[in-house]
Amino acid sequence: QVQHNVERLFTRFVEEGKATVRLREPAVDLCLSKANVINLKTFLSAVRLANQGNDTGVLPLSPLVPAKNSDVEKPKTKMIITSRRDYPLTKSFPFSLEHLQTSYCKLARIDTRVLCLKKLRKLDLSHNHIKQLPATLGDLVCLQELDLHDNHLEAFSGALCSSSLQKSLQFLDLSQNQIQALPIEFCQLRGLVQLRLDDNALLRLPCRIGQLSHLRFLSAARNKLPFLPSDFRKLCLENLDLFGNPFEQPNPLVPNIQLKIPLTLLECAARATVNHRIPYGCHLLPSHLCKDLEVAKTCRCGSACLSSFIQITVTMNLHHVAHTVVLVDNMGGTEAPILCYFCSLDCYSQFLDRHLQSN
C-alpha cells in the first residue's frame, strides 16, 4: 500500500543511482542502489503520485524487466583479510558474514564492528597482537570456531565461558599466547570438540576438564605442566599431544598430606553435600563456598573431599584416554603423572598396600 503511506523520500544521491523510500506502515526504509538514474527518477516520480492518491493507470511506470542473475548481488558470507593495508577502516563488515579471517593485521584488540556480526560461525584472528578478549565476544551466538593462534593473550575470561559460547563453540585455538592458567568456568564450554593450547605458559589444566565430554582433539604441547588433574581420566579423546612438558616423576610414597583430624564441621558438611548430591546455589550459600564445592576432589573410593585430603601423583598411560598419543618426550614415552586424592588415611593405606604388592 503506497497511498498516503510514504513518510519521506531521500533523493540526495539520486544522480548516483541511490535513493531511500521511508514507509509509515510497516515502518521500514526501502534502500535503492546501483539503479539506472533515469529509471530511478521515473520510479520516484510515480511513488510521489501514488502517495498523493493518483490513479495507478496513469502513473509513469516502465514495464518491469526481470533482473539477470549476474545483476543480483548475493549476500557475502566469507571475507579473508591477511594484511593491514587491506583492513577496512571506513567500510563496515557485511552483516551476512559467516566466516571472517583478519590475520597479520597487527590488531591490538578485537574490532567492535566484528562483535555485531551475529551470523558469524568462524572467526579467525590469528597472528595479531590481541592482549584481551571483550566479554561481548560471547554475544556471537552462532560462533562455532574461534582461532586466536599467535597473539598476546594472558587469560581467557570466565565471563566468556558462561556466555552463549557454552553451547555453540566447537573449535578453540589459543596456541602461541602467554596464558598461565584457564579459569574454573572453562569447562562450561561443553560443546568443545577440538582444543589447542600449545606453546603457552600453562602451569595446570582445568581441574574439571573431564566435563568436556565432547572433546576429541586436545593439544597442550610445550607448556609448563608438572602433572595432569585427576579429572583427566574421564576424557575420551581421538588425538592427544602433550609433548615437551616438564612432567614430574611420580612418587606415590611421598604424599602431600593436607588431612585434618578430626575433620572440621565445614569439611563434613561439604563432603555430605557432594556425596548425597544435595542441591545448593548462591541463593543458599555464600558464593565462595559454592565455588569450593564445584571443585571438590574425589577420592579413589568415590567419596568427596574439600580441603582435607592426601595427594599423590601416579603414572597414567595416556592411551587410557586417547586413541592416538603423540610421544610425551624424546624417549618414546606415552605416560604422564596424574594427581590422585584420598579422603582418609585408610584409603591411602589400602592404595599403598596394593601399590607395594604390585611392585
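Biologist: Where does H127 lie?
Modeller: H127 is placed in the loop that runs between β6 (122-124) and β7 (145-147). Please keep in mind throughout that this is a predicted model.
Biologist: What is the phi of H127?
Modeller: The phi of H127 is positive, about 60 degrees, although this residue is not a glycine. Most residues other than glycine have a negative phi.
Biologist: Is H127 buried, partly exposed or exposed?
Modeller: H127 counts as partly exposed because its relative accessibility is 22%, while buried would require under 20%.
Biologist: And K34, what about its phi?
Modeller: K34 is not a glycine either, yet it has a positive phi of about 55 degrees. K34 sits in the loop between β3 and α1 (37-51). With 71% relative accessibility, K34 is classed as exposed.
Biologist: Now the peptide bonds. Which bond around P26 is cis?
Modeller: The bond from E25 to P26 is cis, and its omega is near 0 degrees. P26 belongs to the loop between β2 (19-23) and β3 (29-32). A cis peptide bond also joins I261 and P262, with omega at about -5 degrees. P262 is in the loop between β12 and α4 (265-275).
Biologist: Let us change topic. How is the chain divided into domains?
Modeller: The division gives domain 1 (6-52), domain 2 (78-224) and domain 3 (256-318 + 336-358). The centres of domain 2 and domain 3, taken over C-alpha atoms, are separated by 33 Å.
Biologist: How many residues are in the largest nonpolar core?
Modeller: There are 77 residues in that core, and the members that touch the most others are L123, F156, F186, L218, L228, F232 and L318. Among the elements giving two or more residues to this core are β4 (78-81), α2 (158-161), β15 (310-317) and α6 (345-358). The largest share, six residues, comes from β17.
Biologist: Which domains does this core draw on?
Modeller: At least three of its residues come from each of domain 2 (78-224) and domain 3 (256-318 + 336-358).
Biologist: What does F232 touch?
Modeller: Leaving aside residues up to four places away in sequence, F232 touches L205, I209, L218, L240, L242, M316, L318, V321 and I338. Apart from this core lies another, made of nine residues, including V6, V21, L44 and V47.
Biologist: Is S168 buried or exposed?
Modeller: S168 has a relative accessible area of 9%, so it is buried. S168 lies in helix α3 (residues 165-168). Beyond residues up to four places away in sequence, S168 touches L140, V141, C142, L143 and Q144.
Biologist: What about the surface: which residues form a nonpolar patch there?
Modeller: L253, V254 and L356 form one, with about 300 Å² of accessible area together. L253 is in the loop between β11 and β12 (256-257).
Biologist: How many Å apart in space are L89 and M316?
Modeller: L89 and M316 are 52 Å apart in space, C-alpha to C-alpha, and 227 residues apart in sequence.

Key. Residues are numbered from 1 along each chain as its sequence is written. This is a predicted model: local features need pLDDT of at least 70, side-chain atom pairs count only at pLDDT 80 or more; totals for chains, interfaces and linings use all residues. Side-chain values use heavy atoms; hydrogens and water are left out. A nonpolar core is a set of buried Ala, Val, Leu, Ile, Met, Phe, Trp, Tyr and Cys residues joined through side-chain atoms within 4.5 Å. Buried means under 20% relative accessible area, exposed over 50%, partly exposed in between (1.4 Å probe, protein chains only). Helices (H or I, at least four residues) and strands (E, at least two) are DSSP runs, numbered from the N terminus. Domain bounds come from an automatic or database domain assignment. Contact means heavy atoms within 4.5 Å. Patches are made of residues with over 30% relative accessible area and no salt bridge: like charges are joined within 9 Å, nonpolar side chains (Val, Leu, Ile, Met, Phe, Trp, Tyr) within 5 Å. Accessible areas come from the Shrake-Rupley method with a 1.4 Å probe; for residues, only the protein chains shown count as cover. A salt bridge is a side-chain nitrogen of Lys or Arg within 4 Å of a carboxyl oxygen of Asp or Glu.
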